[in-house]
Amino acid sequence: LELALLLRAQQQAERGDHAGAAALYAYANAFSHSRAARVNALAHVSWLALPEAVVEHPGGIDRIAMNPAGDRVATGHRDNTAQLWDARTGRPVGGLLRHGDHRQGNIKVAFSRDGAWLATGSQRDLDVRVWDSSTGAPVSRPILLPDAPVAITFTMARSHFVVQVGNTGLCLCDAGSGTVQRLQSLAPSFTAWGLSRDGRRLAAALGNKLGVAVYDLSKAVPTTAVILQGESVESLWIDPTGSRLVAYLVGVQGGLFDASTGKRLRDMLTHEPVHSVDFSPDGRLIATSAWDGGIRLWNALSGSPYGATMAQPDWSEIRMAPDGRRLVTFGLDQTVRVWDVARQELLPIVMPQRGTMTGDMSEDGSRLATADGSEIGAVWQVKNLPSGRIDLDPGSWAAVTGFSGDGSRAIRVYYDRTLK
């Protein structure tokens, strides 16, 4: 049994599941006290991060969002409420933000781009409400929607935000006037959509080979251009400035396109269909996550792969940090991982969770908020993580490991009373 546990632990380690590997090595040590098993257990535990702050709501957390400054977190709950939190202490800011009288229904949350406002959308009441993020006071009347909100994203204007309603609708909402405008009037539905990082342009892939509609949201009355007509676009993502987009037409046949003309700028062929894409803030790098778990960086200018494929156990949602130095993956294996973009290495931090991951990052990339569908959310410090892995001294058993504030040094306390 001990040998079977050690084999399973090694397999979990090879898959990148450090929490599982640590538990199995510790279990093997319980059957037969083994220095190697203890050292390996501690080695994998050293990869696991501790959160800076923890937030908890007994009704269950459905979504979590972080404001650009990284000092506020908002959680949307399954009991038709939301809550603002201090990201550094985990303490609530004000009371619960309530929607109607229902006590069931998931709440979606999103901060405005300046962090001053918080929008919450109720799937039970079919409305969106906007709150002052510093006090929790309402700043507008409830905005009624034609269907249940699935996702909320603010545009460049504080009072305007885009809401995905149901599986087929997109609405542009104005918190000031309370108006709702359906966007995809060119087709009854869409297959994918994305908003540029500056909030000025929105692209929606229309069904039935109708191409991609690109909306200019910077104008008082949004204008629309249609590109890639006659193509069946399965998925798309738009770059930070809204000038280019990555689109996958059929399976792995992807490319980089001009968002104004639809001209194919570069081919991006992958061996597996792509699940998630993100751009670096300067638009020079593109990160893709395939269904087989492979993560790849691309040179957006040449279209050629940048470095080797970074492997993890399963597919994931990916987010490029605003400073472009870190890549965060939210894995199907219920684990958050942080990668060094320049080195293309997994940093010595793994955040094990218990369910489907959701997360958000501060504007400077220093903090990350995550939730896993349970009653608990967490805030993590990620900016000062050291680059590369630091291995345990195989000849000693380490009791405690810590990193300096700037991430440049590590200290390890050993049971032989030495410090390194």
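Select strand β4 (residues 81-86) and β5: the two pair in the antiparallel sense over four bridges. Strands are DSSP runs of E with at least two residues, helices are runs of H or I with at least four, and both are numbered from the N terminus. Two strands count as paired if DSSP finds at least two bridges between them. Within this pairing, T81 stands opposite R98 in β5. The model is a predicted one, in which local features need pLDDT of at least 70, side-chain atom pairs count only at pLDDT 80 or more, and totals for chains, interfaces and linings use all residues. Residues are numbered from 1 along each chain as its sequence is written, and side-chain values use heavy atoms, with hydrogens and water left out.

Four strands in the order β2-β3-β4-β5 form an open sheet with antiparallel pairing. β2 and β5 (92-98) are at the edges with a single partner strand each, so one side of each has no neighbour in the sheet. From one strand to the next the twist averages 15 degrees, where axes are lines fitted to C-alpha atoms and angles run from 0 to 180 degrees between N-to-C directions.

Next, pick D62, which lies in strand β2 (residues 61-66). Is D62 buried or exposed? D62 counts as buried because its relative accessibility is 10%; buried means under 20% relative accessible area, exposed over 50%, and partly exposed in between, with a 1.4 Å probe and protein chains only. Show the side chains of D62 and K108, which are joined by a polar contact of 2.7 Å. A polar contact is a pair of N or O atoms within 3.5 Å; within protein, one must be able to donate a hydrogen and the other to accept it, and residues adjacent in sequence count only if both atoms are side-chain atoms. Apart from neighbours within four places in sequence, D62 is in contact (heavy atoms within 4.5 Å) with G76, H77, R78, N106, I107, K108 and T358.

Move on to strand β6 (residues 107-111), where five of the five residues are buried, so the strand is largely enclosed by the rest of the structure. In a regular strand the side chains alternate between the two faces of the sheet. Here I107, V109 and F111 are buried on one side, and K108 and A110 on the other. V109 stands opposite T120 in β7. The two strands form a hairpin with five residues between them, and G115 in the turn has a positive phi of about 80 degrees.

Now colour the aromatic rings. How many aromatic pairs are there? The count is two, taking rings of Phe, Tyr and Trp (its six-membered ring) with centres within 6.5 Å; planes under 30 degrees apart are stacked, over 60 edge-to-face, and the rest tilted. F154 and F161 have ring centres 5.2 Å apart and planes at 55 degrees, so this pair is tilted. Both F154 and F161 are buried. W237 and Y248 make an edge-to-face pair, 6.4 Å centre to centre with 80 degrees between the planes. W237 is in strand β18 (residues 235-238) and Y248 in strand β19 (residues 244-250), 11 residues apart. W237 and Y248 are both buried.

Finally, select helix α2 (residues 18-31). Its 14 residues reach 20 Å from first C-alpha to last, close to the 20 Å expected at 1.5 Å a residue, the expected span being 1.5 Å times one less than the number of residues. Its buried residues include L24, Y25 and N29.
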